[in-house]
Amino acid sequence: MALDILAMAPLYQAPAINRIGPKTDPSKRPADPLKPLVLSRTKLTTIEAKRIMSVLDEAIYKVELVTLLSYAACNREDMEGMLGEDVMRAVREHEDLCQVLLENVRCLKEKERQLQEQKEAEEEGWLRDRLLSIELQKSSLSPLTQQIKDSTKNVLRLLLSNPQAARLLQMQTQGRSAEAQNFIDSLIELRGFLFEKLLTSPMEARDKAQFLQDISRQNSNNQKIIDTLEKELAERMKNRNAEVEKENFVIQELKNHLHQVLKFSENSLLRTKQEAEKQQKADFRASQARVAKIQQEILQLQSQFYNLVMENREAEQALRKEELEDLDAVHREEKISLEELRRRHKVLVGEFAQIREEREINSKKRMEAEQEMVRMVRAATLIQALWKGYLVRSLLRSKKKRGKGKAKDKEKGKQKGKEKGKGKK
């Protein structure tokens, strides 16, 4: 294991082991469908779980230190002031042992390679001797590997006894190889898995297993549906390809037919063009003769047109003169009529103004009469109301007087009855 670790190349930025948390972040809650995967606890509660995590954290811490021993050995001058003489002496011894082991491994691999290449060409005795030599060399690696393990333990013991030196070495993350860093990342990931496993209760584990089974079953059903759909798609694609092939065949037939039609149309167009050229030449000659005849007719018509224009112009001038005289006479008559209409208009305007004044006066009188009538109606209504009130009050007073008289008559009758009774006695 030490040989594998020391064979890794450098470069890594290591996170602090104390800040390593669980794989699942409790603050980021999953959706309701994933509720079985959510941890109900975020901290370890049992002593056994804490001890297990402590052992794993210590192992990761030691692996981080061990993967930097090669860097410390290659930079002795810089690291000696940080780690101290005892630690650097142990690191140098460890590095020497590792180099010896690497050299032996390299030689062993080379011998095995040569043996594989010369296996068929050499004699059987030589091959047996070479295999025996390789086996002896392999057996010598075991004590050397044990020495490297002991040396690694010694270096770790010195570093753990000097926390400051261990902390300074741990900070040299740039000296760690990529393979070593991948190994540490795997250990950190393992820690997250283990942390999550320790946080999971048996009931949560059963729920999680059941949830995963349901998911697996659902995935299987979905896969069956997908397979069915893929088969249907393949069948449809096959049918579509067949239809495409048919359509391509039809298209090719149409292209051939179109090519024949184009070829026929080109021949027909050529013949039509030749006939058209012949007809055009004949029409051109005929048209030239018709043009000459038409030009002669145009000259004659122009002469006739000129004569008609002159005659019409003279007749138009005579007609315009006569029409102008008629229009002048009509204008004078209309002017006289306009003056008469203006005079009548002035008279009508004066009459209209007088009529409007009379209407305004009559309207005022009618409004005053209406207002007077309203006042009279209000006064009559008021008088009637007062009279009705007077009559009601008079009637009430007369009723009261009659009631009082009847009461007095009753009292007088009673007194007379008493007096008569006394006289009888």
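Biologist: Is E340 buried, partly exposed or exposed?

Modeller: E340 has a relative accessible area of 30% and is therefore partly exposed; buried means under 20%, exposed over 50%, and partly exposed in between, with a 1.4 Å probe and protein chains only. This is a predicted model, in which local features need pLDDT of at least 70 and side-chain atom pairs count only at pLDDT 80 or more, while totals for chains, interfaces and linings use all residues. Residues are numbered from 1 along each chain as its sequence is written, and side-chain values use heavy atoms, without hydrogens and water.

Biologist: With which residue does R343 form a salt bridge?

Modeller: Side chains of opposite charge can pair when their charged atoms come close. The criterion is a side-chain nitrogen of Lys or Arg within 4 Å of a carboxyl oxygen of Asp or Glu. Here R343 pairs with E340, the closest N and O atoms being 2.1 Å apart. Salt bridges link E340, R343 and R344 in a network, and the structure holds 12 salt bridges.

Biologist: At what angle do helix α4 and helix α7 pack?

Modeller: Two packed helices are described by the angle between their axes and the distance between the axes. Helix α4 (residues 76-83) and helix α7 (residues 163-170) pack at about 145°, with axes 9 Å apart. M79, M82 and L83 of α4 meet A165, L168 and L169 of α7, where contact means heavy atoms within 4.5 Å. Helices are DSSP runs (H or I, at least four residues), numbered from the N terminus; axes are lines fitted to C-alpha atoms over the stretch in contact, and angles run from 0 to 180 degrees between N-to-C directions.

Definitions and conventions: Helices (H or I, at least four residues) and strands (E, at least two) are DSSP runs, numbered from the N terminus.
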